[in-house]
Every structure is written in structure tokens, then in C-alpha cells.
Protein chains: 2
Amino acid sequence: MNTLPIPPAHGLPTSEFQDRLARAQKAMTAHELDALVVTAPHNVRYFTGFNTQFWESPTRPWFIVVPRQGELVAVIPEIGAPGMALTWVTDIRTWPAPQPDDDGVSLLSSTLSSLKRQFGRIGWEMGREQVIRMPIGDFDRLRGLERGYEFVNGSPLIWELRIVKSEAEIARISQACAIASASYAALPSKLAHGDTEYDVSRKIRLELMENGADTVPFAAVLSGQGGYDQIIVGPSERRLGAGDILFIDLGATYDGYSCDFDRNFAFGTPADDVKRAHEAIWQATEAGINAARPGATTTDLWRAMANVLEAAGSKGLNVGRMGHGLGMQLTEPPSNMPGDDTPLIPGMVMTIEPGMEFAPGKMLVHEENVVIREDGCELITWRAPREMPVIEA
Amino acid sequence: MNTLPIPPAHGLPTSEFQDRLARAQKAMTAHELDALVVTAPHNVRYFTGFNTQFWESPTRPWFIVVPRQGELVAVIPEIGAPGMALTWVTDIRTWPAPQPDDDGVSLLSSTLSSLKRQFGRIGWEMGREQVIRMPIGDFDRLRGLERGYEFVNGSPLIWELRIVKSEAEIARISQACAIASASYAALPSKLAHGDTEYDVSRKIRLELMENGADTVPFAAVLSGQGGYDQIIVGPSERRLGAGDILFIDLGATYDGYSCDFDRNFAFGTPADDVKRAHEAIWQATEAGINAARPGATTTDLWRAMANVLEAAGSKGLNVGRMGHGLGMQLTEPPSNMPGDDTPLIPGMVMTIEPGMEFAPGKMLVHEENVVIREDGCELITWRAPREMPVIEA
């Protein structure tokens, strides 16, 4: 019988951020960068610990300058100064935002001018799975101003740092996984024929809150007769009844770290082809878990799952991959897919996410979360039951 | 006695999207654009109705092409095709994402090439309060490919459309406001001395779910002895006790539309200076509500509130403005501040958000939400009590 562990206290120790900065600065020499500038919520939090939901407001840009030598500089709207002062960052420079004609551009420019210049290159979030969170018109203007610097893609460096998690990070991801696991386990007794997908969404969100989730940024809830054809749009007002398969996928957070795994529920006894497909994705998950170890790559992981699904008659999958990294965000690089070829190393947290279309327009997807350890992997979700839970009428 | 209204059914009618496209196409001639390309969650949903929480995953870019003539084109990852097919969009073009070497760039480029060219300009989300949600390295590459087109700032056009809300949108914002109002009203009886801010966060989120919120993207919960010094970072593990002022600010959604307003609660009888400051911000809110009418500007609205606060001895405010637009996002243009000068017109939904520092490091902020109507404004939040609710030990 699984039980919810006592959660770690909220907030990471300062040593965590010191380590991150040290790793970043070491890597910046190899990447030939004089600084890295980050603007996006998860990257700002990664370096500073600044934790806010204020990113939901698109009004003001924020900039953290990570120099190759010395301390972080926060170039931020004045509304953020008292909150930033709660973190380990001490060099905080503000402007009276919003100020649409010059929202931080001049202040950031003067900050960059004072950097120690060796390579003439500054990294920005210009690459894969990253976004620069500022008006691109302002970014273009800044590129024009900084004639002594080339702005280059700093995303590979950022992902190189973030892809391996510390034990403190793993404890928080594990807590989020346990919270969602307990919530999924409690759900069947609360579901009823006649519920809409929105009703189910509310029920699972209440469970997550009761079990200690801080936020629920992602809760896909969707359904279909004998399977579903997609896994990202829902809930809707659709009412659940006999023959329906309900799919839920949760990205709930604890202390800023996310889980990401799904579960399937049958309304009434599922048809034989659904049972067979469920057995195939459950076995594919076993194969994925067994393959997840140092020495293997993300592509090996994909191959181990794909072999099981192909043998079971898979007609394909529109998801494009079978799992990915997990951390502050519910999906992070790398991807379990052909061509990715990322070596698995201890400290990576991965989702194992096989799925298959087993009849035209009908698919099933399954997912668990694991930590790569020296001798294999550690399962941090409560393993889904081999047979799909059935909600009786 | 206020009561929760029956919520509108989830999902907007197709006519809403037809109207949006017609308004956009008309404006595109005035803005001399052959097309607008949108990539960010709220803009994609504005034009298509595509409603997903999958934006939390940063892996794949999405593109909606709004041509000056003809129908919308969705250029999206194949994982999104079945979900997009549920919307009114019929021209859906996909690529097998993730595909980091060419994530939609070629497919979007060929789509743009087939546009009817008159002005040689394509608008993108390059300006104020907007972000291009794709790797900027890919955006730069695309700019290089599209030699026949200039990529220009399409943000003014987007905000020109989004700033005025339809009655269907207003009904949803109003529902979100009623849900949060009912949740705030129920909260005092559930709070106790000794609660942490995280405990309070969980209690208010549970209330919001019980009252019918779909999601809670923003819930700032913070506190301080006799006031607070910032309004965006929290909750923390801080424990509430006598003399503390608790501040909560909520952006909860119903059917994809948000509320945005805050409330203050006193733990034990507040000190006299807190009472005086609360009376001032309550009166400033009255002044703001009375000033919110067609013919006035956002700057007039700010002035009406600032007059009351200055008379009450305000020492300033680090927020930078006193309210803003509200809709799909919890903050949208315009801003109630000097220099903004946006004329208020019927259908705009605004927050009225005065605040003041009344002693060093101690501020109070207050907020209500209104719809601008022909003859003034309609309050859509349940007006805060004139005296701060007191939580007894």
C-alpha cells in the first residue's frame, strides 16, 4: 500500500543556487560566452529561486544576467524588487515598469556594457524548447545597440545544466508524483456515469489540492467511445457513459517541480480490443522502465517500447515521441524518439510514455515517471494497475 | 446577498470567431498587412477557439496564419490535428513534431508563400505585452527565408481587436469574478491563526474549485506585520498571527476567461494606520469606479484614484499603475497610468487597482473589476467590505 510521504519544506537552500551558478560559469567558458541572459519563468527561477505566478501577466519583461565571472544581476521591474530581495540575489537593478517605450532595454544595455569581455558573445534563450519572454521588437533593438557583442543561442548551455537534477529537485518531483498518484488512486470511487469531463476535471483538481499540490498547471481530461484520438484538448462538456474510456494527464506541482503522467479509466467493462491495447501499453511501459539505465540512450528507450507496440499491432501514434525529460516544466528535453540519441545519465528524470493507435481514430497512451540511477532507474509514480479501473454504472 | 449565477455553457459559438476574423481582416487593410501570424496561447485561442493546457509543454511551436482574405490556416504539430479539428478551423496543416531541425519552419514558409500579396508585410507578435512563442533562432531563419515579405509588429492590431470584449466574453469574465467573489466571501470562516501562507493558498484554491473555477493560473498569497511590501511573491511557509495582514490576489478562470482582483484580511484587530490606509484605498476604489465611463481615459481613471491616495498621505506605489485591461489574460492593455491616455469605450473590461505605501515598507492594495458601459461602468466583482475582515485568534 502506497502512502503519501511527508513533503520537503518549500524553498531550496542557497547552496543549490550557488552550485547552479558555478556549473553555469564553468560551462560558459566551454561555450565561449561572456554572459547568459535569461527572461523566461523557469530559467529565471532556476538561477535565482525567484518564485512567482506573476508571469501570467504579460506586461513586464524581466532579465537575469548570468556573467561568466561574478554574481548574478537582476534587471527587473520595480514591482519585483522586494520579492527578488527574498532570494540569494543581491545585485538588483530596477526601472519603473510598465514603460512601453523603454521597458528595461536601456537598463539592460548598460548592464551588459559593464560585463568583462573576453569572447564577445552573449547567450540568449534562442533555441530549442525555449522562448525569449520580451517583445521581439525590443530584442531586435537591443541587438542593434550591443554592437560589441554577438547574441547567440544559449539554449544548449541551459539545457545542459537543467537536464540533470539534484537530489533536492528529485525530492520535489517525487513529491508531485506521489500527490498525483494518491489522487488518481482515490478518483474511481468519486466518478459516476453521467459526469461531464468538466466535472471530472474539478474532482481530480480537488483531490490534488487535498493531497498537497501547490498548483495544477496542466490537467488534460478527455474521453471517447472505446478510446480517444488525441491527448491534449479537454475537458469539454461531454458526458461520460458506458463504453467510454476516460483519459487524464496531470502536471501538478510541488514547490515548483512537476509530475507528468496519465491514467485511463473505463466506464463499464471495456471491449476486448481496448483490453488488448491496454495490456500492450502496460507491457511497453515495463519494457521502457527496464531499458531506462545509464549506458542506454533516449532512442534505445523509444526502441524498447516501440518493439512491444509494433508486435501488438500498433497503427502509429500522433504524439511524435514516447516520453521526455521532466523537472520544473512538465516536458523538458530530451525526447524518447528516433534521432534524439541522448545518453541517459544518473539524475535525469524521464517520462516513459508509450502509446498506440489500435483502431482507426482510437488510441491509448500510458505514462510513468522515473529517475535514472547508477544501476537502472527508480520509479517515482505509483505503478498503474495492469487492468484499467472500471467505473460501474 | 450575492449569489453565484448559473454559468454559461463552456465554449463560444462559431459566430464569435467569424466576427473576430472579419474584424481582423478589416483592420489588416488599415494596418497594411497581408497576414498576421500568431503563436502564443491566448492569440491562438482568440482566433480559433482551440483550448488546451498543452502550452505548458515548451516542446512544439504552433502557428495560426490569419490572411487578409480567406480562411484561417493552422500550421501545427500533428499531435494537435484532432483537437484543432474540433474548432471552426478547416485548413489544418501538420508536421511530425518534435523535429528540432525544422519544427514547422519549412511548412510555415510554404504557407506564407502562397498568400495573396498586396502590401508585402506580415504582422507578428513583436510588440508590447506579447511574445513570439517559438525559438527566436527559428524566427530569424524564417525572416531570412521570406525575402518578399517584411515581418512587422502586429501587436497593435491584435490589442485593437482584443481590447473590446463581446457580451459572450463579458459573461465568462463575470462568471470568473463571481466565482472568486464567492470564494473570498467564504474564506474568513476557514482561516485560523497558525495557518501558513501555503495553507491559505490551498484553502482558497479549494474554494475556487468548489465554486466552479476551471483553472487557477494566478493566486498570490502573502502577508506581513501591519502591511506588506510587495504583491507578487507568495505563498511561503510564513505562519500567520496577530497583527498580520493577509493579501490574496486571484486570477481564476471560467471557460478561458479570467478575473483579477485582490482582498485583504486582518489577523486580529488591525492597527489604526492600517485602518486609515484601508479606508483610503477603499475610497480610491470608489473614485475609480465613478470615473470609469466612456469619454474618460485610463489616465483620468488613474488621476481619480491618485487624488484620493495623495490626500491620504500616500508615499508611493511600486506597482507602476493602478489597474489595467482584463480578459483571457489576467492583465491586458491598457494601463491606468500617466501617459497611457487610452480612451475608455463600452465593452472594455478594466481592473480598478489603487494602492499606496502608507509607512516605510508597508503597503495596501485593493482591486475591483468593471465593464465599461454606455452610461458608466458595471461592477462585476462583489464589492469588498469597507472594513477589512478580521480573523480572531
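In chain B, strand E5(B), helix H5 (residues 136–145) and strand E6(B) make a right-handed β-α-β unit. Right-handed here describes the crossover: with the strands pointing away from the viewer, the path from the first strand over the helix to the second runs clockwise. Helices (H or I, at least four residues) and strands (E, at least two) are DSSP runs, numbered from the N terminus. This is a predicted model: local features need pLDDT of at least 70, side-chain atom pairs count only at pLDDT 80 or more, and totals for chains, interfaces and linings use all residues. Residues are numbered from 1 along each chain as its sequence is written, while chains are lettered from A and ligands numbered from 1 in the order in which they are written.

**The sheet in chain B**

- The strands E5 (residues 121–124) and E6 (residues 150–153) of chain B run parallel and are joined by 4 bridges. Two strands pair if DSSP finds at least two bridges between them.
- Ile122(B) has Phe151(B) as its bridge partner in E6(B).
- Both strands belong to an open sheet of 6 strands, in the order E4-E3-E2-E1-E5-E6 (chain B), with mixed pairing.
- Its edge strands are E4 (91–95) and E6 of chain B, each pairing on one side only.
- From one strand to the next, the twist averages 25°.
- Strands E1 (residues 35–38) and E2 (residues 63–67) of chain B run antiparallel, joined by 4 bridges. Ala35(B) has Pro67(B) as its bridge partner in E2(B).
- Helix H4 (residues 105–113) of chain B lies across E1, E2, E3 (73–77), E4 and E5 of chain B, at about 170° to E3(B). Axes are lines fitted to C-alpha atoms, for helices over the stretch in contact, and angles run from 0 to 180 degrees between N-to-C directions.

**The sheet in chain A**

- Chain A has an open sheet of 6 strands, ordered E4-E3-E2-E1-E5-E6, with mixed pairing.
- E4 (91–95) and E6 (150–153) of chain A stand at the edges with a single partner strand each, so one side of each is left without a neighbour in the sheet.
- E5 (residues 121–124) of chain A and E6(A) pair in the parallel sense over 4 bridges. Within E6(A), Phe151(A) is the bridge partner of Ile122(A).

**How the chains meet**

- A rotation of 180° with 0.0 Å of shift along its axis superposes chain A on chain B (RMSD 0.0 Å). That is the relation of a two-fold axis.
- The contact takes 58 residues from chain A and 58 residues from chain B. Two residues are in contact if their C-beta atoms, placed from the backbone, lie within 7 Å.
- H8(A) gives the most to the side of chain A that touches chain B, with 5 residues.
- The copies meet through the same surface, because 100% of the interface residues of chain A are also interface residues in chain B.

**Cores and a buried arginine**

- The largest nonpolar core has 158 residues; Ala180(A), Ala292(A), Ala180(B) and Ala292(B) have the most contacts inside it. Such a core is a set of buried Ala, Val, Leu, Ile, Met, Phe, Trp, Tyr and Cys residues joined through C-beta atoms within 7 Å.
- Apart from it lies another core, of 76 residues, including Phe50(A) and Met126(B).
- Arg263(A) sits in strand E10 (residues 261–267) of chain A. Arg263(A) counts as buried because it has 24 C-beta neighbours inside 10 Å. The buried class needs 20 or more other C-beta atoms within 10 Å of the residue's own; exposed means 12 or fewer, and partly exposed lies in between, with C-beta atoms placed from the backbone.
- Leaving aside neighbours within four places in sequence, Arg263(A) is in contact with Tyr184(A), Ile248(A) and Ala384(A).

Notes:
Copies are superposed by least squares on the C-alpha atoms of residues with pLDDT of at least 70 in both.
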